[in-house]
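Good morning, and thank you for coming.

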Amino acid sequence: MRATIVVKGDVTIDENIVAGTNPAANLLDVPHLTIMATGNITIAASATRVDATLIANGELRTCEVQPTDAAQCNQQLTINGPTRAKVYKLYRTYVNASNPAEPAEIFRFTPVAIVSPYRAATSDATMVVDNEVELPPRY
């Protein structure tokens, strides 16, 4: 499934957006969602995973409000996909006691962002490995 949502104004994502966990057999099966807003994109505290490309002409906020204590917005957020915004407001307060270096917000640029435009531009939706090389581990 490939979908693009364009909103004139602000967007609030109040629940998880999960693209799917099944492996894709070909490029046509690779899910890709793009959310574009002329205003801000806000991700509610209840959402912990967003599998989408997020494009905001304003701000990208990872919580509805700026937290006043550590109990607000205290869940880790993972965004799987590219993002673009004029201003990023990273409001999550998540802390892992066993690993304090673990981030509150994780942004992953997934291969879907590269594969999806190719899929849209071609009628041949097959993936072919041209060359494969195994490298030794680096110490």
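**The disulfide**

By the distance rule applied here, this predicted model has a count of 1 disulfide. Which two residues form the disulfide? They are C63 and C73, and their sulfur atoms are 1.5 Å apart. Both cysteines lie in the loop between β7, residues 59-61, and β8, residues 77-80, and they are 10 residues apart. For those new to the term, a disulfide is a covalent bond between the sulfur atoms of two cysteines.

Are these cysteines buried or exposed? A residue is called buried when its relative accessible area is under 20%. C63 has 1% relative accessibility, so C63 counts as buried. C73 has a relative accessible area of 7%, and therefore C73 is buried as well.

Let us remain with the loop between β7 and β8, where we also find Q76. With what does the side chain of Q76 make a polar contact? One partner is the side chain of E102, at 3.4 Å. Leaving aside residues up to four places away in sequence, Q76 touches several others, including T48, R92, Y94 and I106.

Strand β3, residues 32-37, pairs with strand β6, residues 53-56, in the parallel sense over 4 bridges. Within this pairing, I35 has L54 of β6 as its bridge partner. Strand β6 is also joined to strand β9, residues 83-84, by 2 bridges, and these two strands run parallel. Here I55 stands opposite R84 in β9.

Methods
Residues are numbered from 1 along each chain as its sequence is written. This is a predicted model: local features need pLDDT of at least 70, side-chain atom pairs count only at pLDDT 80 or more; totals for chains, interfaces and linings use all residues. Side-chain values use heavy atoms; hydrogens and water are left out. Two strands pair if DSSP finds at least two bridges between them. A disulfide is a pair of cysteine sulfur atoms within 2.5 Å. Buried means under 20% relative accessible area, exposed over 50%, partly exposed in between (1.4 Å probe, protein chains only). A polar contact is a pair of N or O atoms within 3.5 Å; within protein, one must be able to donate a hydrogen and the other to accept it, and residues adjacent in sequence count only if both atoms are side-chain atoms. Contact means heavy atoms within 4.5 Å.
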